[in-house]
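Keep the sequence and the 3D view open while reading.

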Amino acid sequence: MVVVIPRLLRGSLGAICTQAAPLRSTPSAFRYLTRSSVMKSKRRPDHLERTADVVRQEVVSAAKVCGVASESPSVKRLRLLVADKDFSFKAGQWVDFFIPGVSVVGGFSICSSPRLLEQERMIELAVKHANHPPALWIHNQCTLDSEVAVRVGGEFFFDPQPTDASRSLVLIAGGVGINPLLSILRHAADLLRERASKGQGYEMGTVRLLYSAKDTSELLFKKNILDLVNEFPEKIACSLHVTKQTTQITADLRPYITEGRITQKEIRDHISKETLFYICGPPPMTDFFSKELESSRVPREHICFEKWW
């Protein structure tokens, strides 16, 4: 199948990473999309422009929609079967999302683990409704067997090698910013399973997820997250925050819910020299917590963040 990439234009992702995280691959396997290759105008920069200097894979793979579901009142979850065997990604990365007949290119973080792709050739995305052509297509037109194309990019990822030093993670998510952090959380769980079953592989530290949304209906992947907490009670923990809850919180969620925003104290309580911090959410949130961590003397190379616009 020949994949034709439309020339342009709008997306939703802005990626900034203070952690020096070189991709482990040969230079020929990746390329940079230069700013000169994207149309210039006075309008607000789009996904391709915001990520123009971010490394991307060369592989553009055809993909077929094999699952569509509502993850929340405002978020659709897609499962894609990826055709190209050379397509791969690291936990936390995103895809350029090409839709036949739609000139605007989307940018959506992968929320599944690399293991799912390895085993079943599938990836998952979760896309919030927005007045943005790719998001509108997903919410209004996408059906089972719809065909799209995807290309991996991004420097926001967690990809430890078996001999790397053990690290703990603090994952800080706001709204749909949970997507890349869920991928990292799932990857950490896969590493824990591998270590438990084989007695070898990367030695994962603890993982704590701090996740904030408007209310419990907009806390995405609640069951998936709590299943991992229950599977690895000594290793994985979560604190779920709601800022505008108007209904009663169910009994199963109550032990994990805090009403109000994530606080500086919560973050400071988990600072250590072995801990890496990953932050994804709206720009004011990522700016606030990254600056808070730097002011608490967390090394810049231990802070990685991604902004959703």
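## Strand β6 and its partners

Strands β6 and β7 (residues 102–109) pair in the antiparallel sense, over five bridges. The model is predicted. Two residues lie between β6 and β7, which form a hairpin. In that turn, Gly101 has a positive phi of about 85 degrees. β6 also pairs with β9 (residues 147–153), again antiparallel and over five bridges. Val95 shows both pairings. Its bridge partner in β7 is Phe108, and its bridge partner in β9 is Val152.

In a regular strand the side chains alternate between the two faces of the sheet. In β6, Trp94, Asp96 and Phe98 point one way. Val95, Phe97 and Ile99 point the other way. Both sets are buried. Six of the six residues of β6 (residues 94–99) are buried, so the strand is largely enclosed by the rest of the structure.

What does Asp96 pair with in a salt bridge? The partner is Arg151, with the closest N and O atoms 2.9 Å apart. The pair links distant parts of the chain: Arg151 sits in β9 and Asp96 in β6, 55 residues apart. Both Arg151 and Asp96 are buried.

## Helix α4

Helix α4 (178–198) has 21 residues, which at 1.5 Å a residue should span 30 Å. Its end C-alpha atoms are 30 Å apart, so expectation and model agree. Buried residues make up 15 of the 21, so α4 is largely enclosed by the rest of the structure. Just after α4, Gly199 takes a positive phi of about 70 degrees.

His187 lies in α4. Is His187 buried or exposed? His187 counts as buried because its relative accessibility is 10%, and the cut-off for buried is under 20%. Leaving aside neighbours within four places in sequence, His187 is in contact with Ala91, Ser113, Pro114, Phe158 and Pro160.

## Helix α5

Helix α5 (residues 222–231) has a buried side. Ile225, Leu226, Leu228 and Val229 are buried. They cover an arc of only 155 degrees around the axis, so they lie on the same side of α5. The face turned away from that side carries the exposed residues Lys223 and Asn230. Cover for the buried residues of α5 includes α4, β11 (207–213) and β12 (236–242).

The side chains of Glu231 and Arg193 meet at 2.9 Å, N to O. Glu231 is in α5 and Arg193 in α4, 38 residues apart, so this pair links distant parts of the chain. Glu231 is partly exposed, with a relative accessible area of 40%. Arg193 is partly exposed too, at 32%.

## Other salt bridges

The count of salt bridges comes to 17. One of them joins Arg115 and Glu118, with the closest N and O atoms 3.5 Å apart. These two residues are three apart in helix α2 (residues 114–120), so about one helical turn separates them. Arg115 is partly exposed at 26% relative accessible area, whereas Glu118 is exposed at 57%. Elsewhere, Arg79, Glu120, Glu124 and Arg186 are linked in a network of salt bridges.

## The chain as a whole

The chain has seven helices and 15 strands. Of its 309 residues, 54% count as buried. Among contacts between residues at least 6 apart in sequence, 75% join residues at least 24 apart. The chain exposes about 14,500 Å², and carbon and sulfur atoms supply 51% of it.

Definitions and conventions: Residues numbered from 1 in each chain as written. Predicted model: local features only at pLDDT ≥ 70, side-chain atom pairs only at ≥ 80, totals over all residues. Heavy atoms only, no water. Buried < 20%, exposed > 50% of the residue type's maximum accessible area, 1.4 Å probe, protein only. Helix = DSSP H or I, 4+ residues; strand = E, 2+ residues; numbered from the N terminus. Pairing = 2+ DSSP bridges. Contact = heavy atoms within 4.5 Å. Areas by Shrake-Rupley, 256 points an atom, 1.4 Å probe, with all protein chains shown as cover. Arc of directions from axis to C-beta. Expected span 1.5 Å × (residues − 1). Salt bridge = Lys/Arg side-chain N within 4 Å of Asp/Glu carboxyl O.
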